[in-house]
Amino acid sequence: MSKQRIAIIGAGPSGMAALRAFDTAQRSGAQIPEVICYEKQDDWGGQWNYNWRSGIDKYGEPVHSSMYRNLWSNAPKEALEFAEYTFDEHFGRPVSSYPPRAALWDYIDGRARMSDVKDKVQLSTAVRWVEYHREEDTFTVTVENLKSGTTSSSEFDRVIVSTGHFSFPNVPDFKGIETFTGTLHHAHDFRGAEKLADKRVLLIGASYSAEDIGVQAFKMGARSVTMSYRTRAMGHDWPEGMEELPLIDRFEGETAYFSNGESREFDAVILCTGYLHKYPFLSTELALRSQNNVYPGGLYRGVVWQRNPKMYYLGAQDQWFTFNMFDAQAWYVRDLIMGRTKLPPAEERAAHLKQWRHRFQSLEGDADEVQFQADYIRDLIGATDYPMFALDEVVQVFLDWKTDKKANILTYRDKNYRSVMTGTKGSQHHTTWLQELDDSLERYLSTPAPTEVPSLVIAERDADTGAAAAAPVA
Ligand SMILES: Cc1cc2nc3c(=O)[nH]c(=O)nc-3n(C[C@H](O)[C@H](O)[C@H](O)COP(=O)(O)OP(=O)(O)OC[C@H]3O[C@@H](n4cnc5c(N)ncnc54)[C@H](O)[C@@H]3O)c2cc1C
Ligand SMILES: NC(=O)c1ccc[n+]([C@@H]2O[C@H](COP(=O)([O-])OP(=O)(O)OC[C@H]3O[C@@H](n4cnc5c(N)ncnc54)[C@H](OP(=O)(O)O)[C@@H]3O)[C@@H](O)[C@H]2O)c1
């Protein structure tokens with residue numbers, strides 16, 4: 001019997017988890033299918049592969065990553081740690097709980113390099129179209145080699161979609177926004193807050209992008225930061241100079257009018273209005289359509305496309321857990337593909353899906369969502385040989401994180417938590433997050449003498465309130 005052929009689309013953390021899952025099976029002596037992973041960027045790492053470009057990349061493709069300079073993890077690394085490759089193993093010593101992007105990129109890259117699977121990844125190769133043939137029960141995957149511009153098609157038995165869902169910006173319209181005279185971007189195109197020094201900044205949205213770009217702007221000396229919410233304010237105890245107001249009613253030139261009748265003038269607007277699930281290489285029967293939530297409809301166990309169970313999605317959920325959740329999903333999908341786990345019939349899957357969707361729809365608040373996602377991961381790991389870990393303790397790490405954020409949105413990244421994998425507590429970074437302006441791996445791993453710490457924007461702020469006193473010096 002010929003080997004099954006599996007296409008993985010995207011080599012971000014989810015696609016890398018899939019590669020690792022097959023590799024682990026092979027190392028334990030199993031015969032694995034033929035696996036090919038297509039990645040449109042020049043390297044793997046997905047969102048973590050920083051791109052200074054915005055809009056269109058050097059191949060004329062939409063830029064994938066939405067990350068920016070000075071992006072530090074927004075949740076403790078202890079919540080995303082791989083159960084089979086720990087931070088201790090990677091760095092050889094304790095590191096702090098909120099690493100910068102480059103350190104997390106190094107961590108996922110380290111695990112994947114250990115697996116020696118890069119030869120299964122065709123880099124700089126964009127998937128253009130996936131066609132399912134009912135009679136043959138196979139897929140044709142058409143790709144473009146972006147370097148040579150050549151297209152080619154191959155047949156596969158199964159397809160794993162791991163292209164992420166934080167790349168296609170959701171860009172709503174606001175009355176009069178075309179008259180706004182300042183700079184105007186979506187968070188996807190934001191690359192750093194330095195230019196926001198001394199500016200009056202408006203962020204539309206009330207989730208992680210608004211929160212993090214807001215504190216970045218504050219850190220870099222913005223004159224004021226206003227965040228506008230549609231449904232619910234984030235409600236942090238914001239420092240002086242940061243505020244939350246309800247939704248925009250309209251813009252008139254540099255003035256924004258809010259639905260509570262207040263108005264403000266701004267120099268810069270950033271739409272932190274989230275992202276769309278978008279799969280331009282898939283037809284309607286295969287493409288997931290969903291809001292950003294923790295249990296999208298149409299996916300049995302969050303991964304199997306109910307309308308065609310030979311197609312899988314990894315990482316399609318909104319994410320509290322990230323890297324270890326992608327692992328749990330990848331291990332489960334691998335086992336389905338390799339016949340180690342049986343896929344129930346369609347009606348049973350539909351009932352299971354309905355039950356989990358029902359629970360998802362009754363969730364109230366963040367703590368409930370975190371517990372839900374922990375239970376979801378436990379359910380998946382229970383069906384595989386991925387190492388089970390203390391998920392309820394990770395839930396507690398999330399709850400402590402939330403408490404620390406509530407206590408102080410500017411200092412929560414200076415806290416450290418204990419790994420449930422190794423028991424190691426995160427070490428104190430040599431510089432507080434508010435003072436740290438260098439997000440390189442070298443600096444993160446260095447132990448500079450106090451005099452080496454650069455003089456900082458915060459020095460220009462009121463010591464009690466943190467408010468910007470004047471244009472900062474960096
Ligand atoms: C601004 C921002 C900050 C974040 N910060 C954190 C954080 O601090 N901690 C955390 O745990 N998570 C964070 N996340 C969540 C992040 O999405 C996940 O950590 C993770 O990157 C998701 O992995 P993924 O592989 O599912 O998707 P992605 O990382 O998005 O990777 C998808 C890959 O698919 C490729 N691809 C897309 N289309 C095609 C195609 N047609 N053909 C070939 N390849 C294709 C892309 O190039 C990319 O490499 C953040 C997300 C954003 C947007
Ligand atoms: N490491 C970091 O520091 C960092 C930084 C940024 C982002 N991230 C990650 O990036 C991912 C995406 O986060 P996100 O904040 O961009 O997206 P998100 O969590 O999906 O939130 C989207 C926000 O946009 C609002 N919104 C949508 N349409 C709107 C409209 N028409 N008018 C006004 N508001 C509207 C939503 O409001 P409603 O609540 O009303 O729907 C919501 O507040 C998350 O995984 C996050 O963790 C991480």
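**Reading strands, domains and a ligand shell**

Modeller: Strand 4 and strand 5 (residues 138-145) pair in the antiparallel sense over 8 bridges. Strands are DSSP runs of E with at least two residues, helices are runs of H or I with at least four residues, and both are numbered from the N terminus. Two strands pair if DSSP finds at least two bridges between them. As an example, Glu 131 has Thr 140 in strand 5 as its bridge partner.

Colleague: On what kind of model and numbering does this reading rest?

Modeller: This is a predicted model, in which local features need pLDDT of at least 70, side-chain atom pairs count only at pLDDT 80 or more, and totals for chains, interfaces and linings use all residues. Residues are numbered from 1 along each chain as its sequence is written, while chains are lettered from A and ligands numbered from 1 in the order in which they are written.

Colleague: In what order do the strands of the antiparallel open sheet of 3 strands lie?

Modeller: The order is 4-5-6. Its edge strands, strand 4 (125-133) and strand 6 (150-156), each pair on one side only. On average, neighbouring strands of this sheet are turned by 20 degrees against each other, direction ignored. Axes are lines fitted to C-alpha atoms, for helices over the stretch in contact, and angles run from 0 to 180 degrees between N-to-C directions.

Colleague: Which order has the open sheet of 5 strands, and is its pairing parallel or antiparallel?

Modeller: The order is 9-16-10-11-12, and the pairing is parallel. At the edges are strand 9 (183-186) and strand 12 (242-246), each of which pairs on one side only. The twist from one strand to the next averages 20 degrees. Strand 9 pairs with strand 16 (residues 268-271) over 4 bridges in the parallel sense, and there Leu 184 has Val 269 as its bridge partner. Helix 4 packs on this sheet, touching strand 10 (200-204), strand 11 (224-229), strand 12 and strand 16. The direction of helix 4 makes about 170 degrees with that of strand 11. Two residues are in contact if their C-beta atoms, placed from the backbone, lie within 7 Å.

Colleague: How many residues lie between the strands in the hairpin of strand 13 and strand 14?

Modeller: There are 2 residues between the strands, and Gly 253 takes a positive phi near 60 degrees in this hairpin. Strand 13 (residues 248-252) and strand 14 (residues 255-258) form 4 bridges in the antiparallel sense, with Phe 251 opposite Ala 256.

Colleague: Into which domains is the chain divided?

Modeller: Domain bounds come from an automatic or database domain assignment. Here they give domain 1 (5-167 + 275-398) and domain 2 (177-271). The C-alpha centres of the two domains lie 32 Å apart. Their contact takes 9 residues from domain 1 and 9 residues from domain 2.

Colleague: Which residues are the closest to ligand 2?

Modeller: A residue is near a molecule if its C-beta atom, placed from the backbone, lies within 6 Å of it. Ligand 2 is surrounded by 22 residues, the closest being Asn 74, Ser 207, Ser 209, Thr 231 and Gly 274. Domain 1 and domain 2 each supply at least three residues of the shell. Helix 4 (residues 208-219) provides the largest share, 3 residues.
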